[in-house]
Amino acid sequence: MDRKFWNKVSANYNKEIFNVSKSDKNGIIKSWIKEVASPKKTIADFGCGVGNWLPLLSPQFKQVFAIDFSSEHLKQIEKNYTKLKNITCKNVDLTKTWKSNEKFDTMLCVNAILNAELSKRKIIYKNIYTNLKQKGHLILVVPSIESVIFSNLTFEKCNPKAVLNSTKTKEKISKTEYINLKHGIMNIDTLPTKHHLKEELFTTLTDFGFKNIKIDKVEYAWDTEIDNVPRSLRGPYPWDWIVMATKK
Ligand SMILES: C[S@@+](CC[C@H](N)C(=O)[O-])C[C@H]1O[C@@H](n2cnc3c(N)ncnc32)[C@H](O)[C@@H]1O
């Protein structure tokens, strides 16, 4: 998903891109943000999209930095959020090493570390770490591998015929798809997207120097994953991983 893709999708963003802030069933992201918020602190929203988190962040922080590499997203923010006086937009490609003029007290990064290439993801993690103040908090949301597998199993349980059809398939996967699968790269709408295991997330953040790592689920309704959901279908629900961590 390169800059061109995101600029193109920008005009129809809220129709085409899954809205995490509206779909978070238990409001866990909002409550974790509240836990670390303060009118004395700054926050950077890394990969902020069209700014869906800004109305929540703006009243709770001194200054909010909306950071994205899509100029179209940032134009929408400048147009739609004129009433929020403490927003600063920055056009940054987070897969390139970046040192901000000032370090941030807090960072939010919701489903923006999606790159299939490990080297690019490493630079994003490094950018998060270096631009965060000592003892600063990171709140990170990423897609979960476990959830994809669990959702698929649940789909098959609800649709036994689909299991029969899938065992009869003659479809083959390519070498690239096989290698991707082994690394948690699964397609979302045909786009190869990095999904994380809980343990992988923990070790990745530890390797970058984060501590006090707490991981939980952002749960979503079943109809975000499965069509014609049986009424009886309850939890566990599909989820993304949410992480809170501090810089050493
Ligand atoms: C799935 S959207 C999530 C947007 C927002 N965090 C939200 O929760 O609504 C991913 C966002 O990451 C941005 N993004 C992807 N790669 C990026 C990069 N290399 N540098 C900066 N932003 C990037 C995209 O432009 C897009 O706005």
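A polar side-chain atom of Asp93 sits 2.9 Å from a nitrogen atom of the ligand. The protein buries 95% of the 590 Å² that the ligand exposes when taken alone (Shrake-Rupley accessible areas, 1.4 Å probe; for residues, only the protein chains shown count as cover). This is a predicted model: local features need pLDDT of at least 70, side-chain atom pairs count only at pLDDT 80 or more, and totals for chains, interfaces and linings use all residues. Residues are numbered from 1 along each chain as its sequence is written, and side-chain values use heavy atoms, with hydrogens and water left out.

**Exercise 1.** Find which atom of the ligand lies 3.2 Å from a polar side-chain atom of His73.

*Solution.* 
- Next take Phe69: a backbone N or O atom lies 3.4 Å from a ligand nitrogen atom.

**Exercise 2.** Determine whether the residues of strand β4 are buried or exposed, then trace its pairing.

*Solution.* 
- Check burial (under 20% relative accessible area, 1.4 Å probe, protein chains only; exposed is over 50%, partly exposed in between). Seven of the seven residues of β4 (residues 104-110) are buried, so the strand is largely enclosed by the rest of the structure.
- Look to β1 (residues 42-46): three bridges join it to β4, and the two run parallel. Ala44 stands opposite Met107 in β4.
- Turn to β5 (residues 132-143): six bridges join it to β4, again parallel. Val110 has Val141 in β5 as its bridge partner.
- Follow the chain from β4 through helix α7 (residues 118-130) to β5: this β-α-β crossover is right-handed (clockwise from the first strand over the helix to the second, with the strands pointing away from the viewer).

Key
Polar contact = N/O pair within 3.5 Å; in protein donor to acceptor, adjacent residues only side chain to side chain. Helix = DSSP H or I, 4+ residues; strand = E, 2+ residues; numbered from the N terminus. Pairing = 2+ DSSP bridges.
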